[in-house]
Amino acid sequence: MERGQPVGWAAHRRAVDALRASYAAIPPGDTVRLAKKTSNLFRPRADARHGLDVSGLGGVIEVDAAGRTAEVQGMCTYEDLVDATLPHGLMPLVVPQLRTITLGGAVTGLGIEATSFRHGLPHESVLELDILTGTGELLTVRPDNEHAELFSAFPNSLGSLGYATRLRIELMPIAAGVSLANLRFDDLDELLEVVGEVMKTGAYDGRHVDVMDGVVFRPGEAYLVLGTFTDEPGATSDYTGQAIYYQSLRTKATDRLSAYDYLWRWDTDWFWCSAAFGAQVPAVRRVWPRRYRRSDVYHRIVRFENRYGVAARVGRWRGQPDSERVVQDVELPLERTAEFLRWFAREVPMAPIWLCPLRLREHEWPLYPMHAGEAYVNVGFWGTVPIEPGAADGDVNRAIEAKVFELGGHKSLYSDAYYDRETFDRLYGGPAYRAAKDRYDPGHRLTDLYDKVVGRK
């Protein structure tokens with residue numbers, strides 16, 4: 001089937017039947033996990049002997065252009081979802097940065113992007129979803145039906161309460177292009193003042209703002225990118241070839257991308273992380289095929305290294321210190337973000353850093369409790385740092401966890417976490433989670449959230 005073409009309801013029902021049959025075939029007590037080809041998790045985990053058959057759940061069922069909604073299967077990637085909606089001049093309200101993030105994954109594991117200061121997080125645009133629970137039931141879940149408890153607890157449950165097979169989501173209009181202003185700031189407080197202004201008014205310097213994110217290269221050099229959707233004709237930049245998007249912020253005060261290229265501007269170089277593989281070296285980049293300049297290709301290289309440790313062994317042979325993986329996204333209250341960034345610059349030798357403002361749309365979600373209506377900034381940093389003599393692997397991540405907690409923030413759970421269970425329950429809605437777990441997975445066939453995140457099971 002051509003990418004972006006709807007799969008239809010009949011094919012969807014067959015795929016759900018195959019999923020339920022594969023679930024029923026797993027012996028009681030065995031670990032249950034999705035049999036999927038891609039993953040955007042960064043924590044190692046134990047292998048499962050049995051995987052759920054989700055092979056037929058990776059598409060868009062239908063797009064209702066007039067109603068601005070889409071019926072989407074749980075394993076559909078945002079790449080395929082965007083391919084189905086853009087021909088209608090529509091996009092999901094929030095499109096996470098990486099092509100192979102799935103809609104179900106973004107809803108149960110959270111996601112964010114430059115529209116989040118207006119539209120919150122991906123799960124907030126979900127109107128209804130079907131969930132395969134730990135009991136093997138397939139439930140239709142809405143905020144106003146008998147399963148409202150599961151609807152609220154599903155975001156950030158990371159598959160520990162069930163798996164989404166179908167989601168009905170809101171869509172919004174997008175123009176053919178995105179016009180960008182790259183504003184440089186030498187002072188972080190001034191940058192964050194502008195963030196606050198845009199979040200309050202939706203505009204800056206008399207110009208409507210549709211998208212907003214930023215990059216900190218160092219405390220004295222940061223950029224805020226403000227974008228407006230536009231159908232006006234004009235030349236557009238291409239960052240899928242030799243040019244590299246994040247580097248352009250330092251050289252271009254204004255820019256323009258097609259809508260498609262804007263949505264995937266970060267994917268080509270995995271933000272800036274492709275540098276670790278040599279993909280930003282001009283000679284290497286010229287011979288590295290464009291079709292392999294993708295986040296999922298880089299992630300496969302990382303998974304290979306996690307399994308076999310080739311680079312780590314070579315580094316030890318060369319006398320280099322071992323390194324600690326520091327791959328995290330954290331949300332800080334807007335008024336505490338500059339304090340965190342300065343602390344990070346002193347304590348963690350890593351840059352650049354991504355900034356993505358956000359505000360929840362209406363109500364709060366128990367497993368990732370932020371206050372609706374308040375301004376936050378997502379801070380993303382992805383790399384490794386040397387393990388200092390006498391320090392233990394994980395010490396830097398633990399220090400970050402402590403600082404984020406001190407400043408009233410939260411940390412996403414797609415990567416390494418070191419919380420004790422009491423702290424974890426306090427930060428991630430322990431009572432609400434246990435109530436939903438007892439109701440929808442009373443036999444605990446699905447791995448517990450804490451065991452999955454901290455125990456890496």
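Trainee: In which strand is Ala222 found?

Mentor: Ala222 is found in strand β13. Bear in mind that this is a predicted model.

Trainee: Is Ala222 buried or exposed?

Mentor: Compare the relative accessible area with the cut-off: under 20% is buried and over 50% is exposed. Ala222 has a relative accessible area of 1%, so it is buried.

Trainee: Which residues is Ala222 in contact with, leaving aside its neighbours within four places in sequence?

Mentor: Ala222 is in contact with Leu183, Arg184, Phe185, Leu188, Leu191, Val215 and Val216. By contrast, take Leu132: Ala222 and Leu132 are 90 residues apart in sequence, and their C-alpha atoms are 44 Å apart in space.

Trainee: Which residue of β13 stands opposite Val216?

Mentor: Ala222 does. The strands β12 (residues 211-218) and β13 (residues 221-230) run antiparallel and are joined by seven bridges.

Trainee: Which strands does β16 pair with on its two sides?

Mentor: Three bridges join β16 to β12, and these two strands run antiparallel. With β17 (residues 376-386), β16 pairs over five bridges, again antiparallel. Leu355 can be followed in both directions: it is the bridge partner of Gly214, and it stands opposite Val379 in β17.

Trainee: Why is β16 said to be largely enclosed by the rest of the structure?

Mentor: Count the buried residues along the strand. Six of the six residues of β16 (residues 353-358) are buried, so the strand is largely enclosed by the rest of the structure. Then sort them by face. Ile353, Leu355 and Pro357 are buried on one side, and Trp354, Cys356 and Leu358 are buried on the other, which leaves both faces covered.

Trainee: How do I read burial in a helix, and which residues of α15 are buried?

Mentor: An α-helix has 3.6 residues a turn, so residues three or four places apart point the same way. In α15 (residues 430-440), the buried residues are Gly430, Tyr433, Ala436, Lys437 and Tyr440. Viewed down the axis of α15, they fall within an arc of 135°, so they line one face of the helix. Pro431 and Asp438, on the other side of α15, are exposed.

Trainee: Where is the place of Thr115, and what does its side chain reach?

Mentor: Thr115 is in the loop between α3 (103-109) and α4 (116-119). A loop residue still needs its accessibility checked. At 4% relative accessibility, Thr115 counts as buried. The side chain of Thr115 reaches the backbone oxygen of Leu93 at 2.7 Å. Leaving aside neighbours within four places in sequence, Thr115 is in contact with residues including Met91, Val94, Gly120, Met172 and Asp210.

Trainee: How many disulfides does the structure hold?

Mentor: A disulfide is a covalent bond between the sulfur atoms of two cysteines. The structure holds zero disulfides. Cys273 is in none, and the nearest cysteine sulfur, that of Cys356, is 16 Å away. Cys273 counts as buried because its relative accessibility is 16%. Cys76, at 1%, counts as buried too.

Technical notes. Residues numbered from 1 in each chain as written. Predicted model: local features only at pLDDT ≥ 70, side-chain atom pairs only at ≥ 80, totals over all residues. Heavy atoms only, no water. Buried < 20%, exposed > 50% of the residue type's maximum accessible area, 1.4 Å probe, protein only. Helix = DSSP H or I, 4+ residues; strand = E, 2+ residues; numbered from the N terminus. Arc of directions from axis to C-beta. Disulfide = S-S within 2.5 Å. Polar contact = N/O pair within 3.5 Å; in protein donor to acceptor, adjacent residues only side chain to side chain. Contact = heavy atoms within 4.5 Å. Pairing = 2+ DSSP bridges.
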